[in-house]
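Please read the following account alongside the sequence and the model.

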Amino acid sequence: MTTTDARTDSATQRIRHVTVIGAGTMGSQIAMVSALAGFDTTLVDIAQLPLDRARTQLWERVDRDVAKGRRTAPDVAAAKQRLTFSTDRDTVVSGTDVAIEAAIEDLAIKRELFASLDAVAPTHTLLVTNSSNIVSSQIADATRRPEKVCNMHFFNPALVMECVEVVPHERTSPETVEAITALAQAFGKTVVRLKQEIPGFVANRLLNAIRREALALQEQGIAEVEDIDRAARTALRHPMGPFELMDLVGIDVVYLIRMAEYEQTGDPESLPAPSVKELYEAGQYGRKSGQGWYSYTS
Ligand code: 3HC
(Lines give C-alpha, C1' and ligand atoms only; values in the text may rest on other atoms or scores of the structure.)
Protein backbone atom coordinates (compact mmCIF):
# COMPACT_ATOMS: atom_id res chain seq x y z
CA MET A 1 0.00 0.00 0.00
CA THR A 2 1.27 3.47 -0.85
CA THR A 3 1.42 5.56 2.32
CA THR A 4 3.02 8.91 2.85
CA ASP A 5 3.75 9.28 6.57
CA ALA A 6 3.28 7.77 10.03
CA ARG A 7 0.00 9.62 10.56
CA THR A 8 -1.30 8.16 7.33
CA ASP A 9 -0.22 4.69 8.43
CA SER A 10 -1.93 4.85 11.81
CA ALA A 11 -5.11 6.48 10.55
CA THR A 12 -5.60 4.00 7.71
CA GLN A 13 -4.32 0.91 9.51
CA ARG A 14 -7.86 -0.39 10.03
CA ILE A 15 -8.77 0.21 6.41
CA ARG A 16 -8.20 -2.94 4.39
CA HIS A 17 -11.30 -3.03 2.25
CA VAL A 18 -13.03 -0.15 0.47
CA THR A 19 -16.49 -0.33 -1.11
CA VAL A 20 -17.53 2.17 -3.75
CA ILE A 21 -21.28 2.40 -4.39
CA GLY A 22 -22.30 3.42 -7.92
CA ALA A 23 -20.50 2.38 -11.11
CA GLY A 24 -20.94 5.68 -12.94
CA THR A 25 -18.11 7.88 -14.18
CA MET A 26 -17.03 8.96 -10.70
CA GLY A 27 -17.62 5.76 -8.74
CA SER A 28 -15.79 3.53 -11.20
CA GLN A 29 -12.67 5.72 -11.30
CA ILE A 30 -12.67 6.18 -7.50
CA ALA A 31 -12.70 2.38 -7.15
CA MET A 32 -9.76 2.08 -9.56
CA VAL A 33 -7.84 4.76 -7.63
CA SER A 34 -8.40 2.77 -4.44
CA ALA A 35 -7.28 -0.53 -5.98
CA LEU A 36 -4.20 1.12 -7.52
CA ALA A 37 -3.34 2.48 -4.05
CA GLY A 38 -3.27 -1.06 -2.64
CA PHE A 39 -6.68 -1.44 -1.04
CA ASP A 40 -8.93 -4.42 -1.66
CA THR A 41 -11.84 -2.70 -3.33
CA THR A 42 -15.31 -3.65 -4.53
CA LEU A 43 -17.35 -1.56 -6.92
CA VAL A 44 -21.06 -2.13 -6.27
CA ASP A 45 -24.07 -1.27 -8.41
CA ILE A 46 -27.68 -2.42 -8.54
CA ALA A 47 -27.28 -3.77 -12.09
CA GLN A 48 -24.62 -5.88 -13.81
CA LEU A 49 -24.50 -3.82 -17.01
CA PRO A 50 -22.90 -0.66 -15.53
CA LEU A 51 -20.39 -2.86 -13.70
CA ASP A 52 -19.39 -4.62 -16.92
CA ARG A 53 -19.12 -1.27 -18.71
CA ALA A 54 -17.01 0.15 -15.86
CA ARG A 55 -14.65 -2.84 -15.92
CA THR A 56 -14.13 -2.53 -19.68
CA GLN A 57 -13.48 1.21 -19.50
CA LEU A 58 -11.19 0.97 -16.47
CA TRP A 59 -9.12 -1.89 -17.90
CA GLU A 60 -8.72 0.06 -21.17
CA ARG A 61 -7.67 3.16 -19.23
CA VAL A 62 -5.04 1.45 -17.06
CA ASP A 63 -3.73 -0.73 -19.93
CA ARG A 64 -3.20 2.49 -21.85
CA ASP A 65 -1.30 3.91 -18.87
CA VAL A 66 1.01 0.87 -19.03
CA ALA A 67 1.46 1.26 -22.80
CA LYS A 68 2.35 4.93 -22.28
CA GLY A 69 4.80 4.13 -19.47
CA ARG A 70 2.75 5.92 -16.80
CA ARG A 71 2.25 2.77 -14.70
CA THR A 72 4.02 -0.56 -14.55
CA ALA A 73 2.40 -3.77 -15.80
CA PRO A 74 2.80 -5.58 -12.42
CA ASP A 75 1.19 -2.65 -10.53
CA VAL A 76 -1.77 -2.64 -12.90
CA ALA A 77 -2.12 -6.43 -12.82
CA ALA A 78 -2.14 -6.35 -8.99
CA ALA A 79 -4.71 -3.53 -8.95
CA LYS A 80 -6.97 -5.50 -11.29
CA GLN A 81 -6.76 -8.43 -8.86
CA ARG A 82 -7.71 -6.18 -5.95
CA LEU A 83 -10.74 -4.65 -7.71
CA THR A 84 -13.90 -6.75 -7.74
CA PHE A 85 -17.39 -5.97 -9.03
CA SER A 86 -20.64 -6.92 -7.33
CA THR A 87 -24.40 -6.41 -7.29
CA ASP A 88 -24.62 -7.98 -3.81
CA ARG A 89 -24.30 -4.78 -1.82
CA ASP A 90 -25.23 -6.10 1.62
CA THR A 91 -22.68 -8.93 1.56
CA VAL A 92 -19.90 -6.61 0.37
CA VAL A 93 -20.70 -3.86 2.89
CA SER A 94 -20.90 -6.36 5.77
CA GLY A 95 -17.16 -6.92 5.32
CA THR A 96 -15.95 -3.43 4.47
CA ASP A 97 -14.06 -0.75 6.40
CA VAL A 98 -15.11 2.28 4.33
CA ALA A 99 -18.06 2.74 1.98
CA ILE A 100 -17.76 5.62 -0.48
CA GLU A 101 -21.14 6.49 -1.96
CA ALA A 102 -21.07 7.83 -5.52
CA ALA A 103 -24.70 7.31 -6.51
CA ILE A 104 -27.23 9.75 -7.92
CA GLU A 105 -27.52 13.31 -6.49
CA ASP A 106 -30.89 12.74 -4.84
CA LEU A 107 -31.30 13.33 -1.12
CA ALA A 108 -34.13 10.83 -0.54
CA ILE A 109 -32.22 8.05 -2.33
CA LYS A 110 -29.02 8.82 -0.43
CA ARG A 111 -30.81 8.79 2.94
CA GLU A 112 -32.39 5.45 2.19
CA LEU A 113 -29.06 4.09 0.97
CA PHE A 114 -27.15 5.26 4.06
CA ALA A 115 -29.79 3.71 6.35
CA SER A 116 -29.35 0.40 4.50
CA LEU A 117 -25.54 0.62 4.63
CA ASP A 118 -25.70 1.39 8.34
CA ALA A 119 -27.86 -1.67 8.96
CA VAL A 120 -25.30 -4.12 7.52
CA ALA A 121 -21.89 -2.46 7.93
CA PRO A 122 -19.65 -3.38 10.90
CA THR A 123 -19.73 -0.77 13.68
CA HIS A 124 -16.25 0.58 12.86
CA THR A 125 -17.08 1.18 9.16
CA LEU A 126 -16.95 4.76 7.90
CA LEU A 127 -19.75 5.83 5.55
CA VAL A 128 -18.84 8.74 3.28
CA THR A 129 -20.43 10.43 0.30
CA ASN A 130 -18.74 11.79 -2.82
CA SER A 131 -21.52 14.34 -3.19
CA SER A 132 -20.45 17.96 -3.55
CA ASN A 133 -23.83 19.49 -3.02
CA ILE A 134 -25.62 17.27 -0.57
CA VAL A 135 -23.87 17.93 2.72
CA SER A 136 -23.46 14.94 5.00
CA SER A 137 -25.48 16.41 7.90
CA GLN A 138 -28.50 15.83 5.66
CA ILE A 139 -27.68 12.13 5.47
CA ALA A 140 -25.92 11.31 8.75
CA ASP A 141 -29.10 11.19 10.83
CA ALA A 142 -30.43 8.40 8.63
CA THR A 143 -27.72 6.26 10.31
CA ARG A 144 -26.95 5.30 13.91
CA ARG A 145 -23.34 6.42 13.42
CA PRO A 146 -23.43 10.12 12.45
CA GLU A 147 -19.90 10.55 13.87
CA LYS A 148 -18.60 8.20 11.15
CA VAL A 149 -20.23 10.07 8.25
CA CYS A 150 -18.74 12.91 6.18
CA ASN A 151 -18.24 14.06 2.58
CA MET A 152 -15.20 12.85 0.64
CA HIS A 153 -15.43 14.70 -2.66
CA PHE A 154 -13.40 13.67 -5.73
CA PHE A 155 -13.12 15.47 -9.07
CA ASN A 156 -13.71 14.23 -12.59
CA PRO A 157 -11.72 12.42 -13.96
CA ALA A 158 -10.93 10.93 -10.54
CA LEU A 159 -7.96 8.95 -11.88
CA VAL A 160 -6.29 12.23 -12.88
CA MET A 161 -7.46 15.08 -10.64
CA GLU A 162 -5.35 15.49 -7.49
CA CYS A 163 -7.85 17.17 -5.18
CA VAL A 164 -10.18 15.54 -2.64
CA GLU A 165 -12.30 17.76 -0.40
CA VAL A 166 -12.95 16.36 3.09
CA VAL A 167 -15.97 17.97 4.72
CA PRO A 168 -17.22 17.06 8.18
CA HIS A 169 -20.63 17.98 9.58
CA GLU A 170 -21.06 19.18 13.15
CA ARG A 171 -21.16 15.68 14.61
CA THR A 172 -18.41 14.04 12.51
CA SER A 173 -15.68 12.87 14.91
CA PRO A 174 -12.10 14.15 14.54
CA GLU A 175 -11.04 10.48 14.14
CA THR A 176 -13.26 10.12 11.09
CA VAL A 177 -11.83 13.29 9.55
CA GLU A 178 -8.29 12.04 10.23
CA ALA A 179 -8.98 8.59 8.78
CA ILE A 180 -10.65 9.93 5.62
CA THR A 181 -7.90 12.52 5.14
CA ALA A 182 -5.30 9.77 5.50
CA LEU A 183 -7.21 7.52 3.11
CA ALA A 184 -7.31 10.27 0.46
CA GLN A 185 -3.57 10.80 0.95
CA ALA A 186 -2.96 7.06 0.65
CA PHE A 187 -4.90 7.29 -2.64
CA GLY A 188 -2.21 9.77 -3.73
CA LYS A 189 -4.55 12.75 -3.50
CA THR A 190 -4.12 16.25 -2.09
CA VAL A 191 -6.66 17.07 0.60
CA VAL A 192 -8.59 20.30 0.99
CA ARG A 193 -10.34 20.32 4.37
CA LEU A 194 -13.37 22.47 5.06
CA LYS A 195 -14.01 23.69 8.59
CA GLN A 196 -17.75 23.64 8.09
CA GLU A 197 -20.36 22.57 5.56
CA ILE A 198 -21.55 24.64 2.63
CA PRO A 199 -23.20 23.20 -0.50
CA GLY A 200 -20.69 23.03 -3.38
CA PHE A 201 -17.72 23.18 -1.00
CA VAL A 202 -14.75 25.24 -2.24
CA ALA A 203 -13.82 24.05 -5.75
CA ASN A 204 -17.34 23.74 -7.16
CA ARG A 205 -18.29 27.13 -5.77
CA LEU A 206 -15.34 28.65 -7.65
CA LEU A 207 -16.30 26.65 -10.73
CA ASN A 208 -19.98 27.63 -10.43
CA ALA A 209 -19.09 31.31 -10.45
CA ILE A 210 -17.31 30.87 -13.80
CA ARG A 211 -20.04 28.60 -15.15
CA ARG A 212 -22.82 31.01 -14.16
CA GLU A 213 -21.05 33.84 -15.99
CA ALA A 214 -20.34 31.68 -19.05
CA LEU A 215 -24.01 30.65 -19.29
CA ALA A 216 -25.17 34.25 -18.91
CA LEU A 217 -22.82 35.40 -21.70
CA GLN A 218 -24.12 32.63 -23.97
CA GLU A 219 -27.82 33.06 -23.09
CA GLN A 220 -27.61 36.85 -23.62
CA GLY A 221 -26.11 36.25 -27.06
CA ILE A 222 -22.83 38.01 -26.18
CA ALA A 223 -20.58 35.21 -27.50
CA GLU A 224 -20.77 31.67 -28.86
CA VAL A 225 -20.05 28.62 -26.71
CA GLU A 226 -16.85 27.91 -28.67
CA ASP A 227 -15.55 31.45 -28.15
CA ILE A 228 -16.29 31.49 -24.43
CA ASP A 229 -14.42 28.17 -24.09
CA ARG A 230 -11.60 29.53 -26.24
CA ALA A 231 -11.28 32.56 -23.93
CA ALA A 232 -11.05 30.33 -20.85
CA ARG A 233 -8.37 28.17 -22.50
CA THR A 234 -6.24 30.80 -24.18
CA ALA A 235 -6.71 33.88 -21.97
CA LEU A 236 -6.88 32.15 -18.59
CA ARG A 237 -5.02 28.92 -19.41
CA HIS A 238 -7.80 26.74 -18.01
CA PRO A 239 -7.29 23.19 -19.32
CA MET A 240 -10.78 23.28 -20.83
CA GLY A 241 -13.55 25.85 -21.18
CA PRO A 242 -16.67 25.89 -18.96
CA PHE A 243 -18.91 24.33 -21.65
CA GLU A 244 -16.38 21.60 -22.49
CA LEU A 245 -16.15 20.90 -18.77
CA MET A 246 -19.95 20.62 -18.40
CA ASP A 247 -19.90 18.02 -21.20
CA LEU A 248 -17.12 16.12 -19.40
CA VAL A 249 -18.82 16.20 -15.99
CA GLY A 250 -22.24 15.44 -17.55
CA ILE A 251 -25.14 17.83 -18.16
CA ASP A 252 -27.28 15.50 -16.02
CA VAL A 253 -24.84 15.89 -13.11
CA VAL A 254 -24.68 19.68 -13.58
CA TYR A 255 -28.51 19.85 -13.62
CA LEU A 256 -29.02 17.54 -10.62
CA ILE A 257 -26.38 19.37 -8.57
CA ARG A 258 -28.25 22.65 -9.08
CA MET A 259 -31.57 21.00 -8.20
CA ALA A 260 -30.06 19.48 -5.05
CA GLU A 261 -28.77 22.91 -4.06
CA TYR A 262 -32.19 24.45 -4.72
CA GLU A 263 -33.77 21.79 -2.49
CA GLN A 264 -31.45 22.88 0.31
CA THR A 265 -31.55 26.66 -0.17
CA GLY A 266 -35.00 27.29 -1.66
CA ASP A 267 -33.30 30.17 -3.51
CA PRO A 268 -34.36 30.49 -7.19
CA GLU A 269 -30.74 31.61 -7.89
CA SER A 270 -29.72 27.99 -7.23
CA LEU A 271 -31.90 26.62 -10.06
CA PRO A 272 -30.17 25.33 -13.24
CA ALA A 273 -29.81 27.83 -16.10
CA PRO A 274 -32.61 27.50 -18.71
CA SER A 275 -30.15 26.26 -21.38
CA VAL A 276 -28.86 23.52 -19.04
CA LYS A 277 -32.46 22.48 -18.25
CA GLU A 278 -33.21 22.29 -21.97
CA LEU A 279 -30.22 20.01 -22.68
CA TYR A 280 -31.06 17.86 -19.65
CA GLU A 281 -34.68 17.41 -20.72
CA ALA A 282 -33.54 16.51 -24.25
CA GLY A 283 -31.27 13.79 -22.79
CA GLN A 284 -28.20 15.59 -24.15
CA TYR A 285 -25.85 14.81 -21.28
CA GLY A 286 -22.52 15.63 -22.93
CA ARG A 287 -19.72 13.17 -23.73
CA LYS A 288 -21.52 10.18 -22.23
CA SER A 289 -24.57 10.55 -24.53
CA GLY A 290 -22.68 11.76 -27.61
CA GLN A 291 -24.27 15.21 -27.55
CA GLY A 292 -24.21 18.13 -25.12
CA TRP A 293 -22.90 21.61 -25.80
CA TYR A 294 -20.73 19.86 -28.39
CA SER A 295 -21.33 16.82 -30.59
CA TYR A 296 -19.20 13.70 -29.99
CA THR A 297 -20.71 11.44 -32.60
CA SER A 298 -17.68 11.47 -34.89
N1 3HC B 1 -10.51 9.51 -17.44
C2 3HC B 1 -9.28 9.17 -17.03
N3 3HC B 1 -8.17 9.74 -17.52
C4 3HC B 1 -8.32 10.71 -18.44
C5 3HC B 1 -9.60 11.11 -18.91
C6 3HC B 1 -10.72 10.47 -18.37
N7 3HC B 1 -11.97 10.78 -18.72
N8 3HC B 1 -9.41 12.08 -19.82
C9 3HC B 1 -8.10 12.27 -19.92
N10 3HC B 1 -7.44 11.46 -19.09
C11 3HC B 1 -6.00 11.38 -18.85
C12 3HC B 1 -5.38 10.38 -19.74
O13 3HC B 1 -4.25 9.83 -19.11
C14 3HC B 1 -4.96 11.22 -20.92
O15 3HC B 1 -3.92 10.70 -21.65
P16 3HC B 1 -4.17 9.64 -22.82
O17 3HC B 1 -5.34 10.09 -23.60
O18 3HC B 1 -2.89 9.66 -23.55
O19 3HC B 1 -4.38 8.32 -22.12
C20 3HC B 1 -4.49 12.49 -20.25
O21 3HC B 1 -5.41 12.65 -19.15
C22 3HC B 1 -4.52 13.69 -21.13
O23 3HC B 1 -5.79 13.77 -21.74
P24 3HC B 1 -6.10 14.59 -23.07
O25 3HC B 1 -4.87 14.64 -23.89
O26 3HC B 1 -7.36 14.03 -23.63
O27 3HC B 1 -6.50 16.05 -22.63
P28 3HC B 1 -5.92 17.04 -21.53
O29 3HC B 1 -4.44 17.09 -21.51
O30 3HC B 1 -6.71 18.29 -21.72
O31 3HC B 1 -6.36 16.40 -20.13
C32 3HC B 1 -8.09 16.57 -18.54
C33 3HC B 1 -7.67 16.04 -19.90
C34 3HC B 1 -7.24 15.94 -17.43
C35 3HC B 1 -9.55 16.17 -18.32
C36 3HC B 1 -7.89 18.13 -18.51
O37 3HC B 1 -8.49 18.70 -19.64
C38 3HC B 1 -8.45 18.79 -17.30
O39 3HC B 1 -7.81 18.84 -16.25
N40 3HC B 1 -9.66 19.36 -17.44
C41 3HC B 1 -10.36 20.00 -16.30
C42 3HC B 1 -11.06 18.96 -15.49
C43 3HC B 1 -11.78 19.55 -14.34
O44 3HC B 1 -11.85 20.76 -14.12
N45 3HC B 1 -12.35 18.68 -13.51
C46 3HC B 1 -13.15 19.08 -12.37
C47 3HC B 1 -14.58 19.05 -12.74
S48 3HC B 1 -15.64 19.50 -11.44
C49 3HC B 1 -15.97 18.06 -10.64
O50 3HC B 1 -15.53 17.01 -11.01
C51 3HC B 1 -16.79 18.17 -9.40
C52 3HC B 1 -17.99 17.28 -9.41
O53 3HC B 1 -18.66 17.43 -8.19
C54 3HC B 1 -18.95 17.56 -10.52
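The chain has a mean pLDDT of 94, and 95% of its residues reach 70 or more; pLDDT is the predictor's confidence in each residue, from 0 to 100. Residues 1-8 have pLDDT below 50, and beyond near neighbours in sequence this stretch has 17 contacts in the model (heavy atoms within 4.5 Å). The model is predicted, so local features need pLDDT of at least 70 and side-chain atom pairs count only at pLDDT 80 or more, while totals for chains, interfaces and linings use all residues. Numbering starts from 1 along each chain as its sequence is written, and side-chain values use heavy atoms, with hydrogens and water left out.

Around the ligand there are 19 residues, of which Arg64, Lys68, Arg70, His153 and Asn156 come nearest (a residue counts if one of its heavy atoms lies within 4 Å). A polar side-chain atom of Lys68 is 2.6 Å from a ligand oxygen atom, and for a polar side-chain atom of His153 the distance to a ligand oxygen atom is 2.7 Å. In Gln29, an N or O atom of the side chain lies 2.9 Å from a nitrogen atom of the ligand.

The peptide bond between Asn156 and Pro157 is cis, with omega near 0°. Pro157 belongs to the loop between β6 (149-153) and β7 (163-168); strands are DSSP runs of E of at least two residues, and helices are runs of H or I of at least four, numbered from the N terminus. Phe201, a residue other than glycine, has a positive phi near 55° and sits in the loop between β8 (190-193) and α9 (203-219).

Methods
A polar contact is a pair of N or O atoms within 3.5 Å; within protein, one must be able to donate a hydrogen and the other to accept it, and residues adjacent in sequence count only if both atoms are side-chain atoms.
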